[in-house]
Amino acid sequence: MRIETDIKLDFKDVLIRPKRSTLNSRSEVSVLRQYKFKYSPLVWEGVPVIAANMDHTGTFDVAKVMASHQLMTAMHKFVTLNDWVNYQKTSPETLPHCFVSIGTSQEDLTAAKEAFKVINSAFICLDVANGYTQHFVSFLRQLRDTFPDKVIMAGNVVTGEMAEELLISGADIVKIGIGPGSVCTTRYKTGVGYPQLSAIIECADAAHGLKGLVCADGGCTCPGDVAKAFAAGADFVMLGGMLAGHDECGGEVIEKGGKPFKAFYGMSSKQAMTTYYGSVADYRASEGRLVHVPYRGALENTVLDILGGLRSACTYVGAKQLKELTKRTTFVRVSQQLNEVYSHYQVGEEK
């Protein structure tokens, strides 16, 4: 056993220090990025925000809204091949913005081979809770050999040396985050995790040295956190809870106390495992929670709010393009970010 005593930081622990700017308006800021990848020959351009591959947010209806603003969606891994085929018939233009999510069994690999015979997507999300196992690394190598031209995003990990391992083993993008998600209970159940801001900083530094990219997955609670993730060096930011509760999300509207809500749960929760596997296996524990999120209407409004906050953050430090944000950022450690004296009385727009 050993103890690391240097300070590790989360989004709540810092603010971005403002700097002189020649920008006159948020409208002058471009949040588009263009990326080349370590292995895939694809060149992609868009807004590098991804809807998480959860069954509430990784849906085709969410994908349509995200794609209309040049954002991406990671479809959840239980979408059927028939669903993909039917969707392609009606909305083929959004598919280049969708990740196909898979697990790490040989059955998953076989299914992926069959799926990509008909699915017109260039992106794969290899998704597990624990990206530190040798099995995961070995499967990633096999996946790269099978799909040499696809963009592969793999994770999750939180340390620089493992980000390097995944990049060397075939990942174009490494997904960063263990336990920060709003409906994840991994830290509670296992005691394992890493503060998300420090994880992004350390993994981005390691990945960029190998010409790889990182995706910050989890922990963002507001547009300011999204800005901090990009400022910390994330190339992509994946959002789940921030996009939950909308019309386009999975699940029905629930009335509680005369107010509308939508159910939202982690993909390692009892609810998810019961839905897709029939039960929680005896050898494991549920590592997700079920919550009822206040109904939030159209996703379009939230997407515009996130993009507006991101542009505004760039103007505060004089970044005319999103790619300049991390170069122009100085983080200031704080003990308090928000004045919440009236938070209990708030009506309408979220703080």
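# Briefing: cores, helices and parallel strands

Strand β8 contains Asn156. The model described here is predicted. In this model, β8 is joined to β9 by four bridges, and the two strands run parallel. The largest nonpolar core comprises 42 residues, and helix α4 (residues 134-146) supplies the largest share of this core, five residues.

**Nonpolar cores**

- Within the largest core of 42 residues, the residues with the most contacts are Trp84, Ile102, Leu126, Leu143, Leu166 and Val174.
- Another core, of 40 residues, lies apart from it and includes Leu23, Val65, Leu299 and Val317.
- Val174 touches Ala154, Val157, Ala163, Leu166, Leu167, Leu213, Val214 and Cys215, when residues up to four places away in sequence are not counted.

**Helix α4**

- Helix α4 has 13 residues, and the distance from its first C-alpha to its last is 18 Å, close to the 18 Å expected at 1.5 Å a residue.
- The buried residues of α4 include Phe136, Val137, Phe139, Leu140, Leu143 and Arg144. These residues lie on the same side of α4 because they cover an arc of only 165° around the axis.
- In general, an α-helix has 3.6 residues a turn, so residues three or four places apart point the same way.
- Gln134 and Asp145 are exposed and are carried on the face of α4 turned away from its buried side.

**Arg141**

- Arg141 also belongs to helix α4. Arg141 counts as partly exposed because its relative accessibility is 38%.
- Beyond its neighbours within four places in sequence, Arg141 is in contact with Gln134, Glu165 and Ser169.
- Arg141 and Leu166 are 25 residues apart along the chain, and their C-alpha atoms are separated by 8.8 Å. Leu166 is one of the residues with the most contacts inside the largest nonpolar core.

- A right-handed β-α-β unit is made by β8, α5 and β9.
- Strand β9 (residues 173-176) is covered on both faces, with Ile173 and Lys175 buried on one side and Val174 and Ile176 buried on the other.
- Strand β10 (residues 213-217) pairs with β9 in the parallel sense, over four bridges.
- Ile176 in β9 stands opposite Val157, and the bridge partner of Ile176 in β10 is Ala216.

**Helix α7 and Gln196**

- Helix α7 (residues 196-209) includes Gln196.
- The 14 residues of α7 should span 20 Å at 1.5 Å a residue, and this agrees with the 20 Å between its end C-alpha atoms.
- The buried residues of α7 include Gln196, Leu197, Ser198, Ala199, Ile200, Cys203, Ala204, Ala206 and Ala207.
- Gln196 has a relative accessible area of 0% and is therefore buried.
- When neighbours within four places in sequence are left aside, Gln196 is in contact with Leu9, Asp10, Phe11, Ile176, Gly177, Pro180, Arg187, Ala216, Asp217 and Gly218. Of these contacts, Ile176 and Ala216 are also bridge partners of each other.

**Backbone exceptions**

- In general, most residues other than glycine have a negative phi, and most peptide bonds are trans.
- Gln70 is not a glycine, yet its phi is positive, at about 65°. Gln70 is located in the loop between α1 (60-68) and β5 (72-74), and with a relative accessibility of 34% Gln70 counts as partly exposed.
- Lys211 likewise has a positive phi, near 65°, in a residue other than glycine. Lys211 follows α7 and lies in the loop between α7 and β10. Lys211 counts as exposed because its relative accessibility is 71%.

Terms used
Residues numbered from 1 in each chain as written. Predicted model: local features only at pLDDT ≥ 70, side-chain atom pairs only at ≥ 80, totals over all residues. Heavy atoms only, no water. Core = buried A, V, L, I, M, F, W, Y, C linked by side-chain atoms within 4.5 Å. Buried < 20%, exposed > 50% of the residue type's maximum accessible area, 1.4 Å probe, protein only. Contact = heavy atoms within 4.5 Å. Expected span 1.5 Å × (residues − 1). Arc of directions from axis to C-beta. Pairing = 2+ DSSP bridges. Right-handed = clockwise from strand over helix to strand, strands pointing away.
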